[in-house]
Amino acid sequence: MAQDARRGALDAAFHRFGEAWAAGEMEVLTDLLSPTYTHNDATGAHLNRAEWLAYAAKRTGRATQITFRGVATRIFGDMAIVTGFNDMSGGGILNAQDRRDLSIAFTQVWRWEDGRWLREAFQATPVQDQTYA
């Protein structure tokens, strides 16, 4: 597969993953995760694949909306790093009763395997309205 096609497939995969997370679409999430996936979320929790899927299953039916901004993608052979920001709104972000919006800076690691991209790792850092002097 040509590099441009792989980049297009990666862009589609990480956007689809974000949308599936927001809606709690378990089949899509399960399909796009590496068997060795690790996740560091915005609250500081460190989750393995099974733990993260158990968390994500609780999201089914939520009305959370997710947007991407400032996304940068770097591909190195069969590995890719995607950085950027997610802005989430619509409630139910951290738990079903949560009504706050949340913005995070993220780092995602993706791995090309068997003709498709799998998410290998994720790191989220909450973004607050603060500046450094």
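This is a predicted model: local features need pLDDT of at least 70, side-chain atom pairs count only at pLDDT 80 or more; totals for chains, interfaces and linings use all residues.
The structure as a whole holds eight aromatic pairs, and two of them are set out in the table below.

| Pair | Distance between ring centres | Angle between planes | Kind of pair |
|---|---|---|---|
| Phe14 and Phe68 | 5.5 Å | 65° | edge-to-face |
| Phe17 and Trp110 | 6.1 Å | 85° | edge-to-face |

The planes of Phe14 and Phe68 stand at 65°, so the pair is edge-to-face, since an angle over 60 degrees counts as such. Because Phe14 belongs to helix α1 while Phe68 belongs to strand β3, this pair ties together parts that lie 54 residues apart in sequence, and both Phe14 and Phe68 are buried.

The second pair joins Phe17, in helix α1, to Trp110, in strand β5, and therefore ties together parts that are 93 residues apart in sequence. Both Phe17 and Trp110 are buried as well.

Two or more residues of the lining come from each of the elements α1 (3-23), α3 (49-57), β3 (65-76), β4 (79-89), β5 (102-113) and β6 (116-126). When the lining residues of the largest pocket are sorted by class, 14 are nonpolar, five are polar and two are charged.

Notes: Residues are numbered from 1 along each chain as its sequence is written. Side-chain values use heavy atoms; hydrogens and water are left out. Helices (H or I, at least four residues) and strands (E, at least two) are DSSP runs, numbered from the N terminus. Ala, Val, Leu, Ile, Met, Phe, Trp, Tyr, Cys and Pro count as nonpolar, Asp, Glu, Lys and Arg as charged, and the others, Gly among them, as polar. Rings of Phe, Tyr and Trp (its six-membered ring) pair if their centres lie within 6.5 Å; planes under 30 degrees apart count as stacked, over 60 as edge-to-face and the rest as tilted. Buried means under 20% relative accessible area, exposed over 50%, partly exposed in between (1.4 Å probe, protein chains only).
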